[in-house]
Amino acid sequence: MDPVEQEAVLELPGEANPLTENLLLHVLRSASSNASHQIQTGTKQLQRWETTPGYYSSLQAIFIDRLQPLEVRYLAIIQLKNGIDKYWRKTAQNAVSKDEKALIRSRLLKGSIDEPDTRLALQNALVVAKVVRFEYPNDWPDAIKQILDILQSSAPPDGNQLHLTRALLMFLYIIKELTTGRLMRTRSTLQTIASEIIDVLCSVYIAKVLRWQNSLRDGNHGNGFVHEIEQSVLAIRALRRLLVVGYEFANRDAGVERCWRLINHHFVDFLGITTNEYSPVSANVQQLVDKHLMQIAKLHVEMAQVHPAAFVLLPDSLSIVRTYWGLIARVGDTYGLRTLAIPLKIGTDGDAEDEETPILERLALKGLLLMRACLKMVFYPAQTFKYRHPEDKVEQAQAKDLIKAELLTEQTVRVMAETIVSRFFVFRATDLRQWETEPEEWERREEGGEEYEFTIRACSEKLFLDLIKNFKNVLIEPLLGVFYSVATLENENILQKDAVYTAIGLAADILHESIDFNGFVSSILVNEVVKTQLGYNIIRRRASIMIAQWISVGVSDANKPLVYHIFRSLLNKHDILNDQVVRVTAGRQFKNIADHWEFKFEHFAPFARDILNQLLELTMEVELSETKIALLNTIGSIIERSEVNITDYAMSIMNLLVPLWDQSGDDYLMKQTVVATLTRLANAMRSLGGPYHAFLLKTVISVVEPNSPTQVYLLDDALELWSTILVNSDAHLAPPELVYPLPYLIPLFAQGSDVLRKCLEITESYVLLYPADVLSDEFRIPLLRSLSYWIKDLKPEAARILTHLLIAIVRCAINCFEGQIAHAGIQRIVGDLLSTGLLDKLMEGLRGAWKMHHTHWPNRTTPEYYVDGQLETDYFSVLARIAFADPRALVAALTTISNEDADATVDWLLEEWFSHVEDIPDPADQKLMCFGLTRLMETGQPWILGKLQSLMSMWTTVVTHLQENMDDPNADCFDRSDPNDSSTLGVEIENAEQGRREVYLRTDPLYSVNLMEFIRVHLQEAIEAAGGELQFRELWLDRVDNDVIKAFLGLGIMGEGVNGMPADDQSGNVDKNM
């Protein structure tokens, strides 16, 4: 097929291209070509064939055909590997058929062991591993045996060495695949075959190591020499994973013990080769030996972390740990600098130009990790050991005792701590070179939190902390002795002093009772940070770190001004010794100073302007985004802790943040930090930040406006800033621009639960600040429609915010009108609730609650939607607010939405309502329900007056609750109708919105209407509407239980009766003439 025909075929739709092996081959050639158009069309065709029967077996057939071009075969095996991930599972849609799987399996091993190309063999080994994971042992029960047979047959010197290499490669990836499986079944599969594999794999490894060691000793570096070392590397890689994950109790398996002993012996031998300065091996061979060492070191660390007891109890383990410590000490001898004196030239001496970490340092790092694991076994057993059976507990106790007796002796602990402080806490030449040439990068790595598993210095700091915490009695005294000997103004050994100060800073929590840190700062440190001798920039950097570590445990209030003075000095860019590392470190560490819970602005005030300006200038000076963000976080902490005092510096801060926003471009992490800092600033200034709100709002609008490219990254932060602006806006001084973004809330509601809660809070803030704008037709109806869409899908907490917003809108509709127009306002809102379906969903939830509470098995079925608990209270609160505002509007609405007889709807609703009131714990909610239900009496309908007993019971219960601990029998604990009552309503006025909420609550009938008077008036009106007391008694009161009436009359709400008639006679019988 020529290229023109091939392209024409590829352009055909998928259904016009039936799968054939020949056509697949041409498509693979196109997809692996250099022509972008052919790659695109070929890839699309391959995607169309993914679910076609025979596709994956055809890919395999092309892969095993070694006459095909390498790139075609490579693409074929990659497509096969990806297809196994997607379609091999039996439960997958369009899964590979059973027959096709069998065909693929039958050719997998042959396609791997005979493959001469390493890259293709690797990909096929991955395919084998994935299939084994899915198929073994059920559908491919002899998979492991087949590979073991290949391994054993090819292991002898005269065996097929290509087959051996490929079998080892397959085993490596099979074990990796089974160890990374998330399902317990996958790991269990590995554990069932581990013993079957370990003997063969270990024997191959030992034989290969023995052969190349003999060749190395004899100087016979023939063609097969390197190949044998590569094979032993593959074997130890597989063994490492198998030993760690393949056994629950590795120490109880004889095969593992033999293998472990030999591997430890090899570790010592290989280490001898690596440390031999006169080793005759080539660089290539040395690299392979180093790979062996690193694999064994990883095995030691992983075994100690995953199976700590087994590690200790396996043969020679503690001896190996001591070998590691010897290596660590050896590395320490050449690790750090000894002096800064001339002729040292920073950047040229020592290991300053090394690009790759030397093997001995990498092994020393593993040794440090191993020491930490051993310490954890002794001092953190609950986090380290897993107790399952009595035998396990005995082994774990034995392991702890061995470590304490043979490893963690007092002498060893002292030597370890001394080595760490005097060797690994000391700067290296490479550190000082990078300090000069890449100051920001070096500072970021040092202080930005590199993972301790990857650097000797970070890991040694962790190990030192473990030691000092658990061996206080052994280490504190010698550490203090060293500290007092170096912490003098006369001592000019900068490197030693920095190392000791590092230790003292790390151990602040342990040493705070043993060191007079205040005295040290005032007599030593304050003088050291102004010394100008060469190298004192190292001490200046350490000073800021050390103070930040001690600020919470060792710095008194009296010394805080001195601390601020030191930081101002360290941030001064005009001091030549305050290089960028010194100043950035001080800027980063000052966050800890500002975040300290005893931070007081009065101490900071004399230094505030200078330090803030220095931080702002430094933020503009540095180039790394990560450094800028760290400094912005420091500025943010200062803003937060300074509170309203920051207002005097707001303009300077804004002048920094505006260009930072513009310069950040697509760096959304930087933009996020800028928005967060603006939010902190707006929050700290409270209402004094009003002049800046219009500008801050522009940032919000740039994010929340529809189709904003920044919305996907910054929406949460922008909403937080928007909310903060509204909360702190004074209603009389707020700029008119604040209303402008209100319509943007509607499309944001459509984004769902991720931002819905914050949008609800913002809307409620607008209700309090701009009620007329919220009630406008342009916003009100789309808002209610959005709320209706989400109300059934919200979690209870968010649903509560929604119902509170509805209540605020109902109250807003009443308060925005006066007199008779108020009824028109509430009727309009009720009409909107009907038209948007919101009231319908409220009633659906309450209907579901009624069904849950008032129907019983076997007739009870769980409704599709129902509410319960506090959320049911909130739903009823919405109805109560409407009923209180206009009971007839509520009744009319209920009649409109009812799918049944209106009286039946009201009947179940009142039954559930009265029942629920009894379970409401909050007296305020109880009072609100009383208001709503009592006003329904104005309708004069039998369905409410016929519930007089329920009404009286409710009145008695609620009034009794409201009168608890009240001296005045007519009082209501929520009543704030007295204009002379200046007490707050439980709202702490910290910002403008809380002031508005105070007013909002004071005008709430809950706080402005006395419930007892309210009940008396409405009950009297009902009596009069019935035609008088006699008629009321005959129609309604005679239905009420005497005890209920007596309890109600005992409240004294109706006085002594009507027309002077007593409420009850001396016999205790109730006179139902009220």
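On a 1 Å grid over the protein atoms alone, a pocket is an open set of points with protein on both sides within 12 Å along at least five of seven lines, while a cavity is a set where a 1.4 Å probe fits but cannot get out; lining residues have an atom within 4 Å of a point. Points are joined across faces, edges and corners, and a volume is the space filled by probe spheres set on them. This is a predicted model: local features need pLDDT of at least 70, side-chain atom pairs count only at pLDDT 80 or more, and totals for chains, interfaces and linings use all residues. Residues are numbered from 1 along each chain as its sequence is written, and side-chain values use heavy atoms, with hydrogens and water left out.

Start with the second largest pocket. Its volume is about 480 Å³. The lining has 20 residues, and H804, R881, L1001, D1004 and L1006 lie nearest the centre. Two or more lining residues come from each of helix 40 (796-815), helix 43 (869-885), helix 46 (923-935), helix 49 (992-1002) and helix 50 (1005-1008). Helices here are DSSP runs (H or I, at least four residues), as are strands (E, at least two), numbered from the N terminus. By class, this lining has nine nonpolar, three polar and eight charged residues. Nonpolar covers Ala, Val, Leu, Ile, Met, Phe, Trp, Tyr, Cys and Pro; charged covers Asp, Glu, Lys and Arg; the others, Gly among them, are polar.

The structure holds one cavity of 30 Å³ or more. The largest cavity contains about 50 Å³ of space. Its lining is L890, V891, L894, V906, L909, L910, W913, L936 and W943. Helix 44 (887-897) and helix 45 (902-917) are the elements that give two or more residues. Helix 45 gives the most, with four. What classes make up the lining of the largest cavity? Nine residues are nonpolar, with no polar and no charged ones.

Turn to the rings. A search of the whole structure finds 36 aromatic pairs. Rings of Phe, Tyr and Trp (its six-membered ring) pair if their centres lie within 6.5 Å; planes under 30 degrees apart are stacked, over 60 edge-to-face, and the rest tilted. Take F267 and Y324: the centres are 4.9 Å apart and the planes at 35°, so this pair is tilted. The pair links distant parts of the chain, with F267 in helix 12 (residues 254-275) and Y324 in helix 15 (residues 317-335), 57 residues apart. Buried means under 20% relative accessible area, exposed over 50%, and partly exposed in between (1.4 Å probe, protein chains only). F267 is buried at 0%, and Y324 is buried at 1%.

W722 and Y766 meet another way. Their ring centres are 6.1 Å apart and the planes lie at 80°, so the pair is edge-to-face. W722 sits in helix 35 (residues 711-727) and Y766 in helix 37 (residues 753-769), so the pair ties together parts 44 residues apart in sequence. W722 and Y766 are both buried. Elsewhere, ring pairs join Y564, F567, F590, F599, F601, F604 and F607 into a cluster.

Charges meet rings too. A charge sits over a ring if NZ of Lys or CZ of Arg is within 6 Å of the ring centre and within 35 degrees of the ring normal. The charged end of R73 sits over the ring of F63, 5.1 Å from its centre. The charged end of R252 sits over the ring of F249, 3.8 Å from its centre.
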